[in-house]
Amino acid sequence: TQDTKFKKLLFGLVFFHAVVQERRLYGPLGWNNQYEFTESDLRISVQQVKMFLEEYPAQTPFKALNFLVGENNYGGRVTDEKDRRLLLTLLADYCCPGVL
């Protein structure tokens with residue numbers, strides 16, 4: 001059901017947010033530059049997931065979700081190309097069909 005899908009994707013997003021936040025504690029080993037990922041990034045991402053699930057109940061648009069969350073919500077403040085690549089790779093692990 002849609003509710004089950006949403007809960008699983010929500011867990012994936014929250015876990016992704018926790019990993020991104022935790023990497024900040026490792027300084028330059030975590031990220032090449034310091035980034036301020038906030039709870040607002042997570043909130044807007046959750047709203048977008050909910051919107052997409054309501055809009056496309058038959059098939060979850062993971063490609064669009066990964067782009068919006070990775071490139072816009074979180075990636076919008078990432079300036080280093082390697083950090084961006086890492087962010088998108090992490091997100092692809094937590095926002096994919098395997099999560100469902």
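**A look at the core**

A: The protein has four helices and zero strands. Helices (H or I, at least four residues) and strands (E, at least two) are DSSP runs, numbered from the N terminus. Starting at the N terminus, the order of elements is α-α-α-α. The radius of gyration is 13 Å, close to the 13 Å that the globule rule gives for 100 residues, so the protein is as compact as a globular protein of that length. That radius is taken over C-alpha atoms, and the rule itself is 2.2 Å times the number of residues to the power 0.38.

Before we go in, a word on where this comes from. You're looking at a predicted model, where local features need pLDDT of at least 70 and side-chain atom pairs count only at pLDDT 80 or more, while totals for chains, interfaces and linings use all residues. Residues are numbered from 1 along each chain as its sequence is written, and side-chain values use heavy atoms, with hydrogens and water left out.

Now for the inside. Of the 100 residues in the protein, 39% are buried. Buried means under 20% relative accessible area, exposed means over 50%, and partly exposed is in between (1.4 Å probe, protein chains only). The largest nonpolar core has 22 residues, and the ones that touch the most other members are Leu13, Phe16, Phe37, Val49, Tyr74 and Leu87. A nonpolar core, by the way, is a set of buried Ala, Val, Leu, Ile, Met, Phe, Trp, Tyr and Cys residues joined through side-chain atoms within 4.5 Å. H1, H2, helix H3 (62-74) and helix H4 (81-94) are the elements that give two or more residues to this core.

Let's zoom in on Phe16, which you'll find in helix H1. Phe16 counts as buried because its relative accessible area is 0%. Leaving aside residues up to four places away in sequence, Phe16 touches Tyr74, Leu87, Leu90, Leu91 and Tyr94. Here, contact means heavy atoms within 4.5 Å. Gln47 makes a handy reference point for distance: Phe16 and Gln47 are 31 residues apart in sequence and 15 Å apart in space, C-alpha to C-alpha.

Follow one of those contacts to Leu87. With residues up to four places away in sequence again not counted, Leu87 touches Phe16, Val20, Trp31, Phe37, Gly70, Tyr74, Gly75 and Val78. For the protein as a whole, take the contacts between residues at least 6 apart in sequence: 68% of them join residues at least 24 apart.

Next, helix H3. Its buried residues are Phe62, Leu65, Asn66, Val69, Gly70, Asn73 and Tyr74, and they pack against H1, H2 and H4. Asn66 is one of the residues in helix H3. With a relative accessible area of 18%, Asn66 is buried. Not counting residues up to four places away in sequence, Asn66 touches Glu71, Leu88, Leu91, Ala92 and Cys95.

The protein exposes about 6,100 Å², with carbon and sulfur atoms supplying 57% of it. Accessible areas come from the Shrake-Rupley method with a 1.4 Å probe; for residues, only the protein chains shown count as cover. Leu25, Tyr26 and Leu29 make a nonpolar surface patch of about 410 Å². Patches are made of residues with over 30% relative accessible area and no salt bridge: like charges are joined within 9 Å, nonpolar side chains (Val, Leu, Ile, Met, Phe, Trp, Tyr) within 5 Å. Tyr26 sits in the loop between H1 and H2, and at 51% relative accessibility Tyr26 counts as exposed.

Last stop: charged pairs. Side chains of opposite charge can pair when their charged atoms come close. Searching the whole structure turns up five salt bridges. A salt bridge is a side-chain nitrogen of Lys or Arg within 4 Å of a carboxyl oxygen of Asp or Glu. One of them joins Lys7 to Asp3, with the closest N and O atoms 3.5 Å apart. Both Lys7 and Asp3 lie in helix H1 (residues 2-23), four residues apart, about one turn of the helix. Asp3 is partly exposed, at a relative accessible area of 46%. Another salt bridge brings together the side chains of Arg43 and Glu39 (3.7 Å, N to O). Arg43 counts as partly exposed at 48% relative accessibility, whereas Glu39, at 52%, counts as exposed.
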